[in-house]
Amino acid sequence: MQTLASSSSFAQVLDELTLRRAQRGDRAAFAAIYDRFGPACYNLALRILGEPAAAQDIVHEVFVRLLTGLRGYRGEAPFGAWLKRMVSNATIDALRARQRIIDVLDDTLERIGETPEVAQQGVDAWSLLMRMPPRARAVVILHEMEGYTHKELAELFGQSESYSKSILSRALSSLQRQLRGEVGGQHEE
């Protein structure tokens, strides 16, 4: 579960027998679900959070919740979509917690007159995404890569649809400016 190259995805079909066995507490069936969907959960969390350890923490948290919450799955949506929503919610919760910490650190740095240094990175999509603020990165990844609608993003973030549209528009514009600036040999700050 350490790489983004895994062929596992949320689109896989979970057979009814494995699901029912896991819902009744069968550990082998639950392990089969973890083996099948764990890499997809990790990959999504990694793309949003950008840190392997944090992504592993999210997967662990989601599957611990799944141990007790699996009985609540009613099959109204495909299992993978339901699980993807759990992972998305957990990563957004982690971003919110991080943002509170960052706000405190920023306030502290401003009071003492220091600014954090930004490391220079090469031009590739991943490094450009990682330069973005965490919420902007999450909106870009969830909308552009995972196919979430603005309505779904509004629900996930507890904001209006215009919130995610605005974040996405600014983030994509910023990415384009950075790419143009760096390809031309100039680095935008």
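View 1. Trp 82 is partly exposed, with a relative accessible area of 24%, while Phe 79 is buried at 5%. Here buried means under 20% relative accessible area, exposed over 50%, and partly exposed in between (1.4 Å probe, protein chains only). This is a predicted model, where local features need pLDDT of at least 70 and side-chain atom pairs count only at pLDDT 80 or more, but totals for chains, interfaces and linings use all residues. Residues are numbered from 1 along each chain as its sequence is written, and side-chain values use heavy atoms, leaving out hydrogens and water.

**View 2. Aromatic pairs around Phe 79.** Rings of Phe, Tyr and Trp (its six-membered ring) pair if their centres lie within 6.5 Å; planes under 30 degrees apart are stacked, over 60 edge-to-face, and the rest tilted. That rule gives seven aromatic pairs. Ring pairs tie Phe 37, Tyr 73, Phe 79 and Trp 82 into a cluster.

**View 3. Leu 70 and its neighbours.** Leaving aside residues up to four places away in sequence, Leu 70 touches Leu 19, Ala 22, Gln 23, Phe 30, Ile 33, Phe 79 and Trp 82 (contact means heavy atoms within 4.5 Å).
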